[in-house]
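Subject: Structure handover

Hello,

Here is the structure for you to look through. My notes follow below it.

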Amino acid sequence: MNSQNKVKIITDTCCSLSKDRLESMGVDYLQNTFMLEEKLFKGFDTFEDTNEQFYENLKNMKNISTGCVNIQDATDLFEKYAAEGVDVVYIGLSSGLSSSYNNVRLAADEINEKYGKKIWIADSLTGGNGLGKAVQEVATLANEGKSAEEIFNIIDKNGLKIISLFVPGDLIYLCRLGRLNKVVAGIGSLLKIAPIISTDEAGKLKILSKVIGRKKAIASVKEYLLKNADLEKEETIFIGHTNQLQEAKELEQFINENMKNKTVDIDYIDRTMGCHCGPETIAIFASGK
C-alpha cells in the first residue's frame, strides 16, 4: 500500500492472479465462487488437483455454475480500510459478466455514506487475465502516488484500453451460464466454428468474427493484434488459457517476433472464469491504440 497517499487497491479472484502475487503487489481481494456438481468453492480455496487436472475433469461435469462477490464480505473489507482512513479503489470483474460489480457498488455506497467518500468502484469491462493486467497497471498508478480519484478516472470503463480476445474450446460452457445464445452455440459447435470473442462497451461478450477451425481462429487473433494493439507502448501482454499451453507459447513467439517492447505473461485462467469459458480456451489481453 502507498502509505503516503493512503490508497489501497482491491480486486476479486477473477483476476487470474495468485494470492501470493496479489500480496506482493500490495493488492487485497474479494472472492468469487463457483459450483461443481452441487459443491461450492471460493476462488482461493486450497485445491488438491492441479489446474491441468481441473480443466481436464471439467469436460465431464454437467452441473457448473458461478457466483459473485458477497455484499457483506465487500462491506466488511471496505469498512476495514475506511475506518483506518485509507481510500480504496476497487476494480473487479466486468459489470457485463457478473453481478459482483453491482454488489460492491452497494457495499461502497453504504461505507461512503458512513465515512464520506472513501471507496471508488471502477468497472474493468474485462475479466480473467485481462483483469489481472488491469490490476498490475493500477497497482503501478498507486505506487506512483496518484490519489484514489485520479486512479478511478484513469481506469473506469476500460480507461486502460485493454483489448480482450477469447477463443473458446466448446461454446456450450458460455451457453450454460447465459453468456451466449443457445442457438448460436449449438450451430457453432455443430459446424466446428471457432469464434473470436471480445467484450463490448458494456463489458458483455460479443463475437468479433467466426472462422472454420481453431488454427484459423488463432491466425485471426494474431492479425487483430497487429491492427489494433498499441505496438509502441512498453507493456506486459497477458495470455490466459485452460490447458492450451502450446497455443499460448505460439502466441508468445508471435508477439516476440512482431511486437516491440512487450513482455508476455502466460498463466492459467482462474477457475471461476474457467467455468465461464470452459476447457481448451485461449485468451489474450493487450493495450489498444
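I start with helix 10, whose buried residues are Glu247, Ala248, Leu251, Phe254 and Ile255. Buried means under 20% relative accessible area, exposed over 50%, and partly exposed in between (1.4 Å probe, protein chains only). Down the axis of helix 10, these buried residues fall within an arc of 120°, so they line one face of the helix. That arc is taken over the directions from the helix axis to the C-beta atoms.

Two points on provenance. This is a predicted model, where local features need pLDDT of at least 70, side-chain atom pairs count only at pLDDT 80 or more, and totals for chains, interfaces and linings use all residues. Residues are numbered from 1 along each chain as its sequence is written, and side-chain values use heavy atoms, with hydrogens and water left out.

Back to helix 10. The face turned away from its buried side carries the exposed residues Gln246 and Glu257. Cover for the buried residues of helix 10 includes helix 9 (214-228), strand 11 (235-241), strand 12 (262-268) and strand 13 (282-287). Helices (H or I, at least four residues) and strands (E, at least two) are DSSP runs, numbered from the N terminus.

Lys222 sits in helix 9. Lys222 is buried, with a relative accessible area of 17%. Leaving aside neighbours within four places in sequence, Lys222 is in contact (heavy atoms within 4.5 Å) with Glu250, Leu251 and Phe254.

Next, the aromatics. The whole structure holds 9 aromatic pairs. Rings of Phe, Tyr and Trp (its six-membered ring) pair if their centres lie within 6.5 Å; planes under 30 degrees apart count as stacked, over 60 as edge-to-face and the rest as tilted. Phe34 and Phe41 are stacked, at 5.3 Å centre to centre and 20° between the planes. Phe34 is buried at 1% relative accessibility, and Phe41 is buried at 16%. Phe34 and Phe54 pair edge-to-face, at 5.9 Å and 70°. This pair links distant parts of the chain: Phe34 is in strand 3 (residues 33-36) and Phe54 in helix 2 (residues 51-58), 20 residues apart. Ring pairs join Phe34, Phe41, Phe47, Phe54, Tyr55 and Tyr268 into a cluster.

Finally, the whole protein. The secondary structure comes to 11 helices and 13 strands. Buried residues make up 53% of the 289 residues. The C-alpha trace spans about 55 × 45 × 35 Å along its principal axes. Among contacts between residues at least 6 apart in sequence, 76% join residues at least 24 apart.

Best wishes
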